[in-house]
Protein chains: 2
Amino acid sequence: MLLVAPQDSAISERLGEELDQVQKLFAQELSSSLDCVNDLVTHIEQYRGKMLRPTLVLVTAMATSSDGAKVTHAHQQLAAVVEMVHMATLVHDDVLDEAAVRRGGRTVNGLRGNEAAVMLGDYLISHAYHLCSHMDSPLASRVVSASTNQVCAGELHQLANRENWELDQETYYQIIRDKTACLCGTCCSLAALFNDLSADVADEMYIYGEKLGLAFQIIDDVLDLTGSEDTVGKTLGLDLRKGKLTLPLIYLLQQVDGDTGQELRVLLESSRESDSTIARIRELIDKHDAVAYATNAAQGLVDRAKQSLGSLPQSPAHDLLSQMANAVLTRKF
Amino acid sequence: MLLVAPQDSAISERLGEELDQVQKLFAQELSSSLDCVNDLVTHIEQYRGKMLRPTLVLVTAMATSSDGAKVTHAHQQLAAVVEMVHMATLVHDDVLDEAAVRRGGRTVNGLRGNEAAVMLGDYLISHAYHLCSHMDSPLASRVVSASTNQVCAGELHQLANRENWELDQETYYQIIRDKTACLCGTCCSLAALFNDLSADVADEMYIYGEKLGLAFQIIDDVLDLTGSEDTVGKTLGLDLRKGKLTLPLIYLLQQVDGDTGQELRVLLESSRESDSTIARIRELIDKHDAVAYATNAAQGLVDRAKQSLGSLPQSPAHDLLSQMANAVLTRKF
């Protein structure tokens, strides 16, 4: 399900058609002469989700085009590239650490174990750069690879802060800016540059994408703590189990002191996987309005994202960019 | 230790200087503002091995240059890129499948578990493409990413053939061509193209690199079966344990029939990790001259590689390319 259902039916239809084109480029680029590779590629089509990144490219392309609706082939290619990069990170996120393997005993059938996940992710990354390198301008390769450098650094930074209960907000924001928001910003700035817009407008579009990406990640982290698994459609509470502090918990740890602070640290340190711990943490989160705090921060970022749209002419695509920023906050999945 | 110690002292010194330059570009590209990232990057410097791929780039650059010794900045960049790609595959090869984790109980300390290995490998890949995208010509990005597409497909193909005791030689050659030889061929053909040589010469240099790469992989596979761990410097017998058939075993399975064939298949299927099985397989390999068969195949490939050097003018660098091809056969590590 896409992040937004556009209110304007013409743009809704248009976006659907463009996303279909992107899907075609995606499948075409990944197609192999080896059946075993095609089987795995088909297998990951189940990962297709909200299409946030390609949608950012396409809608920014429309909003910054001369007629307010045009999407070029370069935009379609870029949209396929960023979705491939994103899929690779999803596939690589599935690789389990040893603790998780020992503990969960999750069965990953046959060839779809860790090694296949690593190689398939690499296959996606390689094809993303390959598609990118065949675009007319070398700009895409340069900007996309600079962005993925930042994504990887962010992931490593996050990993280095596992079980760091002293993680501060500044570091949290740096991590989510690197691992999530930067690529969203790149989607929007490159889409504007492909339409020959000025560097200033491209910078504003970067800010739009980056702030939207930050808000998106904060809400993702909130949903992991408080969402319903049926609605979100994936296992929740994983951040906590992995010792990954996110904004509501960072705020909570700052709020509680004395016995409760002590209790919370002991729970995190020693039994963060038990249902009773998770229930108790949710109770404290409720009591201290930690979700409201995080949602409020996300709201501020969405407002800032929308401000960056000020320089664009009015158009249904412009409206859709606003609507997307709002949808980041209200989404339940 | 490098694959070859050049006999000519001038070129030996020259190559050493160029490799130092490549090392500098490598470190510069990977350097981060985050300490946790730099720690991991430093950690992988221990992976530096024979420098086969950068050496192929540099020596081909010299052998195809107008004065028989020149290396351009583009060649140095390419050498750093291919070493980064190779390092990424080494780091990703370290990711264990679940069986291996359960069985071996290997301790990977702290953050250096599977997840860190995946992310660090991704960081290397991303920086390889980033460095590549900043080269003057878009050719490097296009050719290198086409080559890594093939590497990843080869790795997936190999994974899909785990425990396939019917693997034939044709498929084995296809796998090692994709996963190893293609990148070696690319090192040589791109190095020639950067010197503005004709497509015909570049094709011949591709063949040189590819055949050398095939021979290199066959000898690697032989060493995994019969080498001494002290000399090779890594755990051996891994291919067998992972159910990866290589040329000596494929040949052996074709040679033995009746009771011995049956015995061998049972050993592979049920107890390929026990020392007694490995000893018995080594005995059968000796009896049927399976190592000699594989080494002979590698010799044929090395001869073919050297034939491709025919169009190059005589020079110490030309001699070194021949010497490298020979060294692939005689190496003990």
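Me: Where is D289(B) found?
Reply: In this predicted model, D289(B) is found in the loop of chain B that runs between α14 (275-287) and α15 (290-307).

Me: What is phi there, for D289(B)?
Reply: Phi of D289(B) is near 50 degrees, which is a positive value in a residue other than glycine.

Me: And is D289(B) buried, partly exposed or exposed?
Reply: D289(B) has 15 other C-beta atoms within 10 Å, so this residue counts as partly exposed.

Me: What about M51(A), what is its phi and where does it sit?
Reply: M51(A) is not a glycine either, yet it has a positive phi of about 55 degrees, and its place is in the loop of chain A between α2 (35-43) and α3 (52-63).

Me: OK, G310(A) next. Where is that one, and is it buried or exposed?
Reply: G310(A) lies in the loop between α15 (290-307) and α16 (316-330) of chain A, and it counts as exposed, with 8 C-beta neighbours inside 10 Å.

Me: What separates the C-alpha atoms of G310(A) and M51(A)?
Reply: The separation between those two C-alpha atoms is 25 Å, while along the chain G310(A) and M51(A) are 259 residues apart.

Me: Zooming out, how many helices and strands are in chain A?
Reply: Chain A has 16 helices and zero strands, and its C-alpha trace spans about 60 × 50 × 35 Å along the principal axes.

Me: What radius of gyration does chain A have, against a compact globule?
Reply: Chain A has 20 Å, and because a compact globule of 333 residues would have a radius of gyration near 20 Å, the value agrees with that expectation. Buried residues make up 48% of the 333 residues in chain A, and of its contacts with a separation of 6 or more, 77% are accounted for by residues 24 or more positions apart.

Me: Back to chain B. Which residues of α3(B) are buried?
Reply: The helix α3(B) is mostly covered, with 12 of its 12 residues buried, including L52(B), R53(B), P54(B) and A63(B).

Me: What do the buried residues of α3(B) pack against?
Reply: They pack against α1 (9-30), α4 (73-93), α8 (169-194), α9 (199-226) and α16 (316-330) of chain B.

Me: And α7(B), how many of its residues are buried?
Reply: In α7(B) 17 of the 22 residues are buried, so this helix is largely enclosed by the rest of the structure. From its first C-alpha to its last, α7 (residues 139-160) of chain B reaches 32 Å, close to the 32 Å expected at 1.5 Å a residue.

Me: How many residues of chain B are in contact with chain A?
Reply: There are 43 residues of chain B in contact with 43 residues of chain A. On the chain B side, the elements giving two or more residues are α2 (35-43), α5 (98-104), α6 (114-133) and α7, and α6(B) gives the most, with 14 residues. The residues of that side divide into 23 nonpolar, 14 polar and six charged.

Me: Last one, what rotation superposes chain B on chain A?
Reply: A rotation of 180 degrees, with 0.0 Å of shift along its axis, superposes chain B on chain A at an RMSD of 0.0 Å, which is the relation of a two-fold axis. The same surface serves both copies, with 100% of the contact residues of chain B recurring in chain A.

Methods:
Residues are numbered from 1 along each chain as its sequence is written. Chains are lettered from A and ligands numbered from 1 in the order in which they are written. This is a predicted model: local features need pLDDT of at least 70, side-chain atom pairs count only at pLDDT 80 or more; totals for chains, interfaces and linings use all residues. Copies are superposed by least squares on the C-alpha atoms of residues with pLDDT of at least 70 in both. Two residues are in contact if their C-beta atoms, placed from the backbone, lie within 7 Å. Helices (H or I, at least four residues) and strands (E, at least two) are DSSP runs, numbered from the N terminus. A residue is buried if 20 or more other C-beta atoms lie within 10 Å of its own, exposed if 12 or fewer, and partly exposed in between; C-beta atoms are placed from the backbone. The expected span of a helix is 1.5 Å times one less than its number of residues. Ala, Val, Leu, Ile, Met, Phe, Trp, Tyr, Cys and Pro count as nonpolar, Asp, Glu, Lys and Arg as charged, and the others, Gly among them, as polar. The radius of gyration is taken over C-alpha atoms; the globule rule is 2.2 Å times the number of residues to the power 0.38.
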